[in-house]
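Open the model in a viewer and keep the selection panel at hand. The stops below are meant to be taken in order.

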Amino acid sequence: MAVRLTCNVNNYHWGKHGLNSKAAQFASIDPELTIDPKQTYSELWMGTHPSGPSIIYGTEKELSKLIEEEPKVLGDGINEKYGGLPFLFKVLSIEKALSIQAHPDKILAKKLHNERPQIYKDDNHKPEMSIALTEFIAMSGFRPLEEISTFIDEYPEFKALFSNDTIVMFKNSIKEEDAVKRKALKQLFSELMNAAKENVQNQLIKLLDRIKQKGDQLDSTETELIKMLSEEYAGDVGVFCVLMLNILKLKPGEAFFMGPNDPHAYIFGDCVECMATSDNVVRAGLTPKLRDVPVLVDMLTYDYGTPDAKILRPIKSNASLLYDPPIEEFSVLQTDLVAKQTENITTIGPKILIVTEGFGELVVDGVLHKIQAGSVYFVPAELSITLTAAEHPMVVYTALCMA
């Protein structure tokens with residue numbers, strides 16, 4: 001049978017306030033939760049991670065305890081392979097940019113956890129995928145090297161953060177083989193992230209003054225983001241990452257995937273996010289939290305390319321879209337139903353679903369559940385799902401493991 005969940009919502013400083021937050025809207029289905037319009041609501045966690053475990057509705061029992069008692073609900077081999085539910089599902093609501101960050105691969109995750117378990121609290125990797133619920137802005141992956149080179153020429157304040165030798169090496173590398181390009185990109189990024197704080201602050205002051213005077217002569221996307229991030233994180237070196245990382249502007253339903261050791265930062269908007277069950281984050285900018293610059297600089301793959309390379313395009317089947325990233329732990333289905341439409345989901349694997357729009361019905365193993373925006377359910381691996389919208393459209397996102 002399907003198990004209704006009560007899920008943890010947190011209050012990080014970067015979240016949206018009150019019911020402007022999708023995370024808060026969905027969490028407010030809990031009658032015991034009062035939403036404070038002055039409070040930030042950043043993430044709704046759906047899963048078994050100990051930092052934000054989901055509870056079986058109407059009880060104090062965690063979903064992880066149910067899985068521990070009845071591992072068959074995960075399906076053949078999944079508990080043995082992963083030691084529990086292999087994914088963590090979230091809703092994020094972002095008012096203020098998140099940090100410049102990356103997530104370690106399995107080898108590095110184990111090393112960091114062993115060396116500093118108080119900071120890196122588990123030993124798993126954290127590939128993740130985000131699907132926009134509203135218009136969504138993020139940075140992800142390094143730009144084409146030619147673009148970065150152009151920005152060095154166009155933004156003297158950016159150029160002033162690098163040595164002449166590094167700039168020459170970087171520009172010369174553009175015509176060389178891939179390994180040479182990556183090495184030069186790493187040197188450039190390392191110098192940026194390790195630049196003297198006073199120099200970074202002075203150059204940002206100069207840049208903001210120039211934007212104010214000649215904004216229409218500079219690229220509006222980059223300059224608007226530089227102004228916005230400078231207001232949020234004054235004098236932070238992460239602001240200059242706008243000129244090194246791709247900017248993604250997603251419409252609702254568009255998605256992108258972030259593999260291990262891939263730099264990114266969420267800037268604004270609401271999304272559903274799915275990841276391997278981990279909370280490992282290595283940060284280096286746009287954050288009041290610990291910055292582990294040496295680890296971040298060393299861990300990145302230094303892949304580079306256009307924003308399109310980051311976009312994950314779904315596969316359509318009936319009323320559903322399957323977002324299937326190149327990893328085993330999770331995929332996500334978006335089911336978008338018009339009034340009174342029905343969709344059957346027969347995919348095998350443990351599932352967690354959340355209704356993000358509308359009202360309707362969920363039928364699992366012959367049992368009918370009335371559902372609405374904010375309803376969250378866990379469905380065991382072998383059971384299929386039938387979703388039916390009421391008199392208005394309904395949208396449901398379902399995270400699942402098909403491995």
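Begin with the lining of the largest pocket, which by class has 13 nonpolar, 7 polar and 10 charged residues. The model is a predicted one. This pocket holds about 520 Å³ of space. To centre the view, select Tyr 12, Asp 279, Val 281, Arg 283 and Lys 289, which lie nearest the pocket centre among its 30 lining residues. Next colour β5 (43–46), β7 (87–94) and β13 (264–276), the elements that give two or more residues to this lining. Of these, β13 gives the most, with 3 residues.

Move to the second largest pocket, with about 430 Å³ of space. Select Tyr 82, Gly 83, Gly 84, Leu 85 and Thr 277, the closest to its centre of the 22 residues that line the second largest pocket. Then show the helices α2 (63–69), α3 (78–82) and α4 (106–115); each supplies at least two residues of the lining of the second largest pocket. That lining divides into 5 nonpolar, 9 polar and 8 charged residues.

For the last stop, select helix α11 (residues 293–299) and pick out Asp 298 within it. Is Asp 298 buried or exposed? Asp 298 counts as exposed, because its relative accessibility is 55% and the cut-off for exposed is over 50%.

Key. Residues are numbered from 1 along each chain as its sequence is written. This is a predicted model: local features need pLDDT of at least 70, side-chain atom pairs count only at pLDDT 80 or more; totals for chains, interfaces and linings use all residues. Side-chain values use heavy atoms; hydrogens and water are left out. Helices (H or I, at least four residues) and strands (E, at least two) are DSSP runs, numbered from the N terminus. Buried means under 20% relative accessible area, exposed over 50%, partly exposed in between (1.4 Å probe, protein chains only). On a 1 Å grid over the protein atoms alone, a cavity is a set of points where a 1.4 Å probe fits but cannot get out, and a pocket is an open set with protein on both sides within 12 Å along at least five of seven lines; lining residues have an atom within 4 Å of a point. Grid points are joined across faces, edges and corners, and a volume is the space filled by probe spheres set on the points. Ala, Val, Leu, Ile, Met, Phe, Trp, Tyr, Cys and Pro count as nonpolar, Asp, Glu, Lys and Arg as charged, and the others, Gly among them, as polar.
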